[in-house]
Amino acid sequence: MQSDDKPLPRMRPPTAGFANRRYGGGFAPAGQVLLRYAALIAVALVFIGPFAWLLSTAMKSGSENIFQYPPQFLPQQPTFQNFGRVFQALPFLSYFVNSAFVAAMAVSCNLVFCSLAAYPLARMSFAGKNPIFLVLISTMMLPFQLLMIPLYSIAVALGLNNSFLGLMIPHACTAFGIFLMRQAFLTIPHQLEESARVEGVSRLRIWWHVMLPLSKPALATLAVFTFVGVWGDFLWPLVIMDDQAKFTLPLGVNKLSGAFGKDWRLVAAGAILSIIPTIAVFLFAQRFFISGALKGAVKG
Amino acid sequence: MFRKLTPYLFLCPAMLIIGIFVLLPMASALVISFSDYNMIEAHRFAGLDQYRRLLKDPFFWNALYNSLLYLLVVVPVLSFAPVFLAALVNRKLPGIAVFRGIYYLPVVTSLVVTGLMWKWVYEENGVLNFILRNLGLMSEPIAWLATPSVSLFAVMAVTVWSGMGFYMVIYLAGLQSIPKALYEVAELQGVSRIRQTLFITIPMLRPYIALVAVISSIAAMKVFDEVFIMTGGGPLGQTETLVFFVYQNAFIEFDMGYASAAGMALFAATFALSVLNLMLARDSGYAKR
């Protein structure tokens, strides 16, 4: 249960060397390490198993009975045909484009608006600062599902239903993002900003040339979180999109399962296609996700 | 003069968006809940009628009951199980990042896909029944999602499965914040590993456990996607949660006033839970940082 993930003894007084015994410094019993790996793999199977089963189903050919018992774990004649069939069954390619477009818009809006709002909250003093911050933070507690009904009316009133803008805009700026960026800005040394202020550089340029470049990990975290959230969003698109040409991937996958429910090869193939981009982003940004994200969250 | 406006200009876009798309809807949800509104005719003031209807509606009580049961099962599991997961991956071993990644994978997977995936796993002739039968854990296959007595728990399991990785990361940060000196002293004094866990690790993790309890209870009250995809609220309304109830009344029945009243009940429940959680955290003396 110990935390031994940080760089080890270097900075510790030599007397602490005793504790190294358990940090695998030659003394760690091989049996314990093996046991740990066994546990790691067993748990990993629980998490990856359903994905593997889905992939296996997606790669089974039409001649195979996918409902047979006992289930066949591996496809007998693995094929990629089902993935092609998805594109014939539904306009999946345009769902991809739609999802990508909405996600790109939401990510850019969040990066700009959240970091703009976070700057004065982190670095300026002005009337109403604390109340504004409190109101922003407390909106994190509001369940979206409660806001959905009036949001739908507002979207209809603004003519935003059935449009990508309407789909995106409730995600365009989140309190979570503002909070995250504010935490990042708070850690930037004041001196950098002050010397620029003395030179007469405007606040906007300081934001762009000093604050943003020094907050890249936070910006990356925000981008990835927004992307994953918007990419997987289901309820709001379900409510606001009627026009099937404007469906995003989750709606498309849902439609696929509604229309071809019995053909699990096809449904599985569609489901897998729809998560490939998220997985790619995740692999690319894993270090931000798993370490950077919550550093300031608790102590904040 | 302009100087004084600067902070507000920075805040302006964010405040506009949050104002129009969060604060305004919040206020208008309250107004709609006091009215009879179906999107076609104009609002008609209905006082507390919608709330009275709620109190008499067995479907509402059923949904509330299901949501609370959801909470009572899912929150304790999600508050403690990920601690073990975090402890498991909190080791510098070759390949550990891969395991962390695998455990986190469900978190980034859209719930629509997760729901479909598990629906397929839960099939009567599916892998789960096969595995459980082969392990000798049961003799007859179960239709997990179609059997009223187990369906809600089957959906809960999916919520837990997809959330574990997220909470694991929070606890990982928690474990890594515990000063190693504590363990070193304990080790020198011959304190057993189990006692180290009980008297160092768990107490030091208290603020993190409180945080996870708050986040996971808010999340548990909002469950929708899994239910929609896997069961559609069935069998016999056994998996109908509060959010599902709100969705159905609002966007299937177009009974917006009634749905908003149910939404306000959902909000009240979420709010009360968060306050309760925070109070408990404060009582244990750890929320002061």
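Let me begin with pLDDT, the predictor's confidence in each residue, from 0 to 100. The model before you is predicted: local features need pLDDT of at least 70 and side-chain atom pairs count only at pLDDT 80 or more, while totals for chains, interfaces and linings use all residues. Residues are numbered from 1 along each chain as its sequence is written, and chains are lettered from A and ligands numbered from 1 in the order in which they are written.

Chain A has an average pLDDT of 83, and 86% of its residues score at least 70. Over residues 1-26 of chain A, pLDDT is below 50, and over residues 292-300 of chain A it stays under 50.

Turning to chain B, we find 12 helices and two strands; these are DSSP runs, helices being H or I of at least four residues and strands E of at least two, numbered from the N terminus. From the N terminus, the order is α-β-β-α-α-α-α-α-α-α-α-α-α-α. The C-alpha trace of chain B spans about 75 × 75 × 35 Å along its principal axes.

How do the chains meet? In all, 79 residues of chain A are in contact with 80 residues of chain B, contact requiring C-beta atoms, placed from the backbone, within 7 Å. On the chain A side, helix H1 (residues 30-58) of chain A gives the most, with 13 residues.

How values were computed:
Contact = placed C-beta atoms within 7 Å.
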